[in-house]
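Here is a briefing on a structure, grouped by topic. Read it alongside the sequence and the coordinates.

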Amino acid sequence: MALDKATVAHIATLARIDVPEADQETLARELSNILGWIAQLDEVPTEGVEPMSSVAQMSLPLREDVVTDGDCAERILANAPLQARGFFVVPKVVE
Amino acid sequence: MTALTELSLAAARDGLRRKAFSARELAAAHVKAVEAARPLNAYLAETPERALAMADASDRRIGRGEALPLEGIPLAIKDLFCTEGVATTAGSRILGGFVPPYESTVTANLWRAGAVMLGKVNMDEFAMGSANVTSAYGAVESPWRRRGENRPLVPGGSSGGSAAAVAARAAIAATGTDTGGSIRQPASFCGIVGLKPTYGRCSRWGVVAFASSLDQAGPMTRTVRDAAIMLGAMAGHDPKDSTSAPVPVPDFEPAVERPVKGLRIGIPREYRLDGMPAEIEALWRQGVSWLEAQGATAVEIGLPLTKYALPAYYIIAPAEASSNLARYDGVRFGLRVPCDSIDGMYEQTRAAGFGAEVRRRILIGTYVLSAGYFDAYYLKAQRVRTLIARDFDAAFRSCDAILTPTAPSAAFAIGEKMNDPVAMYLNDVFTVPSSLAGLPAISVPAGLSEDGLPLGLQVIGRAFDEEGMLSVAAALERAAGFAAMPAFLAGSAA
């Protein structure tokens, strides 16, 4: 139940958030407290109970497979921190 | 004549149609009030020019006898709703500078109904908080003070800017969003009405996502009738939100006149918490008497899984948040911290862009969804959610609406409860269960605490029975006759 520093570092990597080593101890303690409090759910018998992912009691609606939007590259790029020639620019990914 | 900023939404609507004043006069009075409200830090963006232009358009329609349902009504918009051409931050540094190229469905519906935008209001970062202290743009101050004290209090959260603006008369009404109590708890803290509709009633399209299976937009107003009117304009099926309910939107307003005689009001015994302040318990009992005096019958009901709702919520909501907030990567919008590698850019951008509470919830969510823990945490919480929804189904076989307190306390001071996340989470103990079940719920100001702060009562209705819920809320409002005013009034200063 208690999270250690290494686990915090691991989930921080999964979440793509840089967590400085100096913060890992505090976070491990805070997250462990929260998880310890959450553990009371183990008292509830749930065998055979369907998990609920949504309260909306309906099947996913389907629509015609046609283009309904588009031709707005400029608007899409308007908020990009860095763009060039109609593309989002990111640091080099492939050497 | 009553100051224009004192008018309820219904009174303003009727006055405009009678031509007792113009939409421009109404907007101008509110624009001044918005400026006067700056000490509260409620507004993140003021849009006075847009407000006056929209008001002029309203005056033209009124002149032609074509007034729309919310014609000329000045509103504050929570900064979680994307507004075309107006910066939208979600209270986060990571969305700094983001100007949406589109309008959320709910705000588009409001403008189509003739409403006027005053500006965007502050909130907890990504709607994660119960005190409006996690905003990257500073805490919001409540316009209320404890009797004989000048310590700044929290307005509640996450829709704290909305609640503070409406209570201080710096907007006639505001939009809020509610994931686990973010409309109802701040409404209770600020002495106003806050309505969370049934999940699916209002479109989530264009609302910055926190926990998609829980998020709902709703109105925050000074009267129950105003909430009914505004909900009618916000709601409606939207093909762009796959969870938007394809059900007709009734005219909610007549429901506030509907008598409660003969209704059965459920009183859940599990909501009587150990250590609950006596004044909360007393107000709750008072609420029962008020409804009984109007011919309703109180029935005790059981919601046995109540105590497990909060821990289930604090798995489900962070899990969904960790997934929703993955989109903030420094590539397409918002903040970017430059770095040589793409992973480094993601990690630095997200470290700099998210505040402590958001980071905590993303990490919890990532953990409960990670390999080896998914079944034990996430699926377990979803199963408990099923049981909580079944509890409500069973309870509604013996009652027509449920009455509870909205929050376990009145507002607290800025700085209190800040070091213990779990203590902060307990603010939502009475609001989270109905959120998990997707039910409509409303907070109505019902009384004052010993030190003079507002306290709300919550009415929970059956799914898509906002009308039944509104009739009970209006009955409480009539009996309570809540007329207390906050210490700070932006309207009268204007």
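Are α1(A) and α2(A) roughly parallel or roughly perpendicular to each other? They are roughly perpendicular, a label given to angles of 65 to 115 degrees, while angles under 35 count as roughly parallel, over 145 as roughly antiparallel and the rest as oblique. The model is predicted: local features need pLDDT of at least 70, side-chain atom pairs count only at pLDDT 80 or more, and totals for chains, interfaces and linings use all residues. Residues are numbered from 1 along each chain as its sequence is written, chains are lettered from A and ligands numbered from 1 in the order in which they are written.

**Chain A**

- Chain A has three helices and two strands; helices (H or I, at least four residues) and strands (E, at least two) are DSSP runs, numbered from the N terminus.
- Along the sequence, the pattern of chain A is α-α-α-β-β.
- Helix α1 (residues 5-14) and helix α2 (residues 21-38) of chain A pack at about 95°, with axes 9 Å apart. Axes are lines fitted to C-alpha atoms, for helices over the stretch in contact, and angles run from 0 to 180 degrees between N-to-C directions.
- From α1(A), the residues A:Lys5, A:Val8 and A:Ala9 meet A:Gln24, A:Glu25, A:Leu27, A:Ala28 and A:Leu31 of α2(A). Contact here means C-beta atoms, placed from the backbone, within 7 Å.
- This contact of α1(A) with α2(A) has five nonpolar, one polar and two charged residues. Ala, Val, Leu, Ile, Met, Phe, Trp, Tyr, Cys and Pro count as nonpolar, Asp, Glu, Lys and Arg as charged, and the others, Gly among them, as polar.
- The radius of gyration of chain A is 22 Å, whereas a compact globule of 95 residues would have one near 12 Å. The radius is taken over C-alpha atoms, and the globule rule is 2.2 Å times the number of residues to the power 0.38.
- The C-alpha atoms of chain A fill a box of roughly 55 × 45 × 25 Å along the principal axes.

**Chain B: overall form**

- Chain B has 16 helices and eleven strands.
- Its radius of gyration is 21 Å, close to the 23 Å that the globule rule gives for 494 residues, so chain B is as compact as a globular protein of that length.
- A box of roughly 65 × 50 × 50 Å, taken along the principal axes, holds the C-alpha atoms of chain B.

**Chain B: the sheet**

- Eleven strands of chain B form an open, mixed sheet in the order β1-β3-β2-β4-β6-β5-β10-β11-β9-β7-β8. Two strands pair if DSSP finds at least two bridges between them.
- At the edges are β1 (43-46) and β8 (297-301) of chain B, each pairing on one side only.
- Neighbouring strands of this sheet are turned by 30° against each other on average, direction ignored.
- Strands β5 (residues 193-196) and β10 (residues 441-448) of chain B run antiparallel and are joined by three bridges. B:Gly194 has B:Ser443 in β10(B) as its bridge partner.

**Chain B: a helix pair**

- Helix α2 (residues 23-36) and helix α3 (residues 48-63) of chain B pack at about 160°, with axes 8 Å apart.
- α2(B) and α3(B) are therefore roughly antiparallel to each other.
- The residues meeting across this pair include B:Leu26 and B:Val31 in α2(B), and B:Leu52 and B:Ile62 in α3(B).
- The contact of α2(B) with α3(B) comprises ten nonpolar, one polar and three charged residues.

**Interface**

- 56 residues of chain B contact 39 residues of chain A.
- α9 (306-324), α10 (342-353), α11 (356-369), α12 (374-395) and α13 (421-425) of chain B each supply at least two residues of the side that touches chain A.
- The largest share of that side, ten residues, comes from α12(B).
- The side of chain B that touches chain A has 32 nonpolar, 13 polar and eleven charged residues.

**Backbone points in chain B**

- Most residues other than glycine have a negative phi, and most peptide bonds are trans.
- B:Lys19 is not a glycine, yet has a positive phi of about 65°. B:Lys19 sits in the loop between α1 (9-18) and α2 of chain B.
- B:Gly157 and B:Ser158 are joined by a cis peptide bond, with omega about 10°. B:Ser158 is in the loop between β3 (116-121) and α5 (160-167) of chain B.

Technical notes:
Two residues are in contact if their C-beta atoms, placed from the backbone, lie within 7 Å.
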